[in-house]
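Reader: I would like to go through the terms used for this model one at a time. For each, please set the value against its definition.

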Amino acid sequence: MEKDIVSVASLLLGDNPIPNSQIKKADLLPDPESQLDSMEMKEKPLMDSTIPYRDLTNSDTKKESLHRLIDKLDVENNIRYQRTVEDTYCNVYSYDYCYFAKVYLPTVWWTPESLEKVLQGQKVEPVFEQTVDRIYSSAIHDWFLQWGASFGWKRMFTVDEIQNEVNKNGGIGIICAKRREKGLSGHIVPVVPETDSHQACRENGIVVYPLQSQAGKLNYNYFAEVRKDWWNDELYSSYVFYYHE
């Protein structure tokens with residue numbers, strides 16, 4: 001397949017690039033039971049003082065601290081991200097990566113009733129399974145289109161563009177694909193800065209498979225060519241690329 005063709009379906013969904021000042025984060029508080037060596041409380045931020053946050057001083061410190069974060073989260077080995085018979089945890093890993101990168105990506109989101117109240121300017125407290133519920137990758141795909149701009153996300157259209165921005169500025173890149181069959185898991189993956197030992201795959205100097213980090217059926221701290229252009233798989237009806245400085 002062509003690597004950088006924009007999915008027609010994603011265009012048809014409608015991209016809302018105008019921030020909405022009424023929308024609010026749906027953040028739960030960190031929980032002592034939310035740990036890298038545990039399967040519990042995946043809907044809550046990790047409570048672990050040894051996990052490094054992204055250092056926003058400059059582009060170099062951003063990139064260096066992101067690699068320390070990837071090493072610490074160690075998606076290949078930590079129990080939190082290992083697949084089970086029932087599920088995989090690409091959304092949990094992407095959320096954790098963004099949380100410690102100081103960028104908002106939801107792992108829970110407002111219920112329809114709560115969202116209506118939030119948009120009316122009412123104060124709504126995030127309460128799990130009452131005012132907020134888990135959000136999975138297919139729904140996050142739609143969330144990016146509807147709400148991404150309100151939280152500082154910028155849509156991009158090629159993997160070359162997103163890899164170059166991540167490399168240059170130490171920002172956060174995301175690829176998110178929506179499953180064609182409703183009710184089944186999509187996929188979401190961070191695009192991460194290249195290093196001397198971990199590289200994107202290029203053809204004629206253009207990135208065709210960016211450097212990524214993922215939880216899924218297989219977990220990789222870093223990968224590029226091994227999964228090719230996975231977002232173009234027939235399993236998915238649509239995909240989006242987003243970047244946050």
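Reader: Why does the radius of gyration of the chain agree with that of a compact globule?

Author: The radius of gyration is taken over C-alpha atoms, and the globule rule is 2.2 Å times the number of residues to the power 0.38. For 245 residues a compact globule would come out near 18 Å, and the chain has 17 Å, so the value agrees. Along its principal axes the C-alpha trace spans about 50 × 45 × 40 Å.

Reader: What kind of model is this, and which atoms and residues count?

Author: It is a predicted model, in which local features need pLDDT of at least 70 and side-chain atom pairs count only at pLDDT 80 or more, while totals for chains, interfaces and linings use all residues. Side-chain values use heavy atoms, with hydrogens and water left out, and residues are numbered from 1 along each chain as its sequence is written.

Reader: Why is Cys90 called buried?

Author: Buried means under 20% relative accessible area, exposed over 50%, and partly exposed in between (1.4 Å probe, protein chains only). Cys90 has 4% relative accessibility, so Cys90 counts as buried. Across the chain, buried residues make up 53% of the 245 residues.

Reader: What is Cys90 in contact with, beyond its neighbours within four places in sequence?

Author: Contact means heavy atoms within 4.5 Å. With those neighbours left aside, Cys90 is in contact with Ser137, Gly186, His187, Ile188 and Ala215. Cys90 and Ile188 are 98 residues apart in sequence, and their C-alpha atoms are 5.8 Å apart in space.

Reader: What makes helix 3 mostly covered?

Author: Helices (H or I, at least four residues) and strands (E, at least two) are DSSP runs, numbered from the N terminus. Helix 3, where Cys90 is found, has 10 buried residues out of 11. Among them are Asn91, Tyr95 and Phe100. Their cover includes helix 2 (59–73), helix 5, strand 4, strand 5 (187–191) and strand 8 (212–214). After helix 3 comes Lys102, with a positive phi near 65°.

Reader: Is Phe223 buried or exposed, and what does Phe223 touch?

Author: Phe223, in strand 9 (residues 220–223), has 4% relative accessibility and therefore counts as buried. Not counting residues up to four places away in sequence, Phe223 touches Val189, Pro210, Leu211, Gln212, Ser213, Gln214 and Trp230. Phe223 and Glu116 are 107 residues apart in sequence and 40 Å apart in space, C-alpha to C-alpha.

Reader: How do you know what counts as a pocket, and what volume does the largest pocket have?

Author: On a 1 Å grid over the protein atoms alone, a pocket is an open set of points with protein on both sides within 12 Å along at least five of seven lines, for a 1.4 Å probe; lining residues have an atom within 4 Å of a point. Grid points are joined across faces, edges and corners, and a volume is the space filled by probe spheres set on the points. Of its 21 lining residues, the closest to the centre are Thr88, Arg179, Gly186, Lys217 and Tyr236.

Reader: Which elements give two or more residues to the lining of the second largest pocket?

Author: The volume of the second largest pocket is about 320 Å³. Tyr136, Ser138, Ala139, Gly183 and Leu184 are the closest to its centre, out of 19 lining residues. The elements giving two or more residues are helix 3 (90–100), helix 5 (137–147) and strand 4 (172–179). Helix 5 gives the most, with 4 residues.
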